[in-house]
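User: Please go through this model with me in a series of questions and answers, taking the overall fold before individual residues.

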Amino acid sequence: MLKDFTFTSESVSEGHPDKVCDQISDAVLDAHLALDPNSRVACETLVTTNLIVIAGEITSNGQVDYDATARRVAREIGYTGTDGFDAENCEVMVRLDAQSPDIAQGVNVGEGLHEEQGAGDQGLMFGYACNQTPELMPLPISLAHRLVERLAELRKNGEIPYLMPDSKSQVSVEYRDGKPARISTVVVSTQHLDSASDEQIFADVVEHVVRPV
């Protein structure tokens, strides 16, 4: 097993399209579970220029306002009055059906070919806990998360007013004898207003984001 290596991890902010989609889907799930704990929610979200699409299969006794839920999430992230994607003016398309009977019979107790309750989906996860950080995560991903969290903090408190919601970070850490030895590379990219120059962004990110983290 290698003991000397470089490990790189990436993190994206709450305003990154992938995260926007995750948060809207999560909000739909939370809303249904609050109304009906037995809800079955397989909800996927897609976002693009001024458009939110919510699709999937949901079986629930709860009635959720999907349009309002999606706009609330986008608004809380910070997409208000922004060109290209605005919580107030974007289109919201909802394409949801009830859970497929074929899947339902495999999940419902006592139905289908087997009496045991099955699962409607499956997943494969990879990861591990370690003692490199207080949150028990590897150092590169922990630092990458903290960088985008710091960007969001500075955007929301107005300290760097030209920042916009979408951002990304990447951190590379060199390991020696299996332990973190030095940070070799830090990459930060952020959506911003046109009024900010590259020089100003670089200086502010180094001073107010990278150094504090």
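The questions and answers below begin with the basis of the values and the overall fold, and then turn to particular residues.

Residues are numbered from 1 along each chain as its sequence is written, and the model is a predicted one, in which local features need pLDDT of at least 70 and side-chain atom pairs count only at pLDDT 80 or more, while totals for chains, interfaces and linings use all residues. Side-chain values use heavy atoms, with hydrogens and water left out.

User: What percentage of the residues of the protein count as buried?
Analyst: Burial is judged by relative accessible area, where buried means under 20%, exposed over 50%, and partly exposed in between, with a 1.4 Å probe and protein chains only. For the 213 residues of the protein, the share that counts as buried is 37%.

User: Which elements do the buried residues of α5 pack against?
Analyst: Helix α5 covers residues 198–210, and its residues Ile201, Asp204, Val205 and Val209 are buried. Contact here means heavy atoms within 4.5 Å. By that criterion, the buried residues of α5 pack against α4 (139–156) and β6 (179–192).

User: Which side chain of opposite charge is nearest to Asp86, and how far away is it?
Analyst: Asp86 lies in the loop between α2 (66–77) and β4 (91–97), where it touches Asn50, Tyr79, Thr80 and Gly81, not counting residues up to four places away in sequence. Its side chain reaches the backbone nitrogen of Gly81 at 3.4 Å, a polar contact being a pair of N or O atoms within 3.5 Å; within protein, one must be able to donate a hydrogen and the other to accept it, and residues adjacent in sequence count only if both atoms are side-chain atoms. A salt bridge requires a side-chain nitrogen of Lys or Arg within 4 Å of a carboxyl oxygen of Asp or Glu, and Lys and Arg count as positive and Asp and Glu as negative, with His and the chain ends not counted. Asp86 is buried yet has no salt bridge, and the nearest side chain of opposite charge is Arg71, at 7.3 Å.

User: How many residues apart are the salt-bridge partners Glu14 and Lys156?
Analyst: The closest N and O atoms of Glu14 and Lys156 are 2.8 Å apart in their salt bridge. The pair links distant parts of the chain, with Glu14 in the loop between β1 and α1 (17–35) and Lys156 in helix α4, at a separation of 142 residues.

User: Is Arg150 buried or exposed?
Analyst: Arg150 forms a salt bridge with Glu153, in which the closest N and O atoms are 3.2 Å apart. The two are separated by about one helical turn because they are 3 residues apart in helix α4. Glu153 has 43% relative accessibility and so counts as partly exposed. Arg150, at 18% relative accessibility, counts as buried.

Technical notes
Helices (H or I, at least four residues) and strands (E, at least two) are DSSP runs, numbered from the N terminus.
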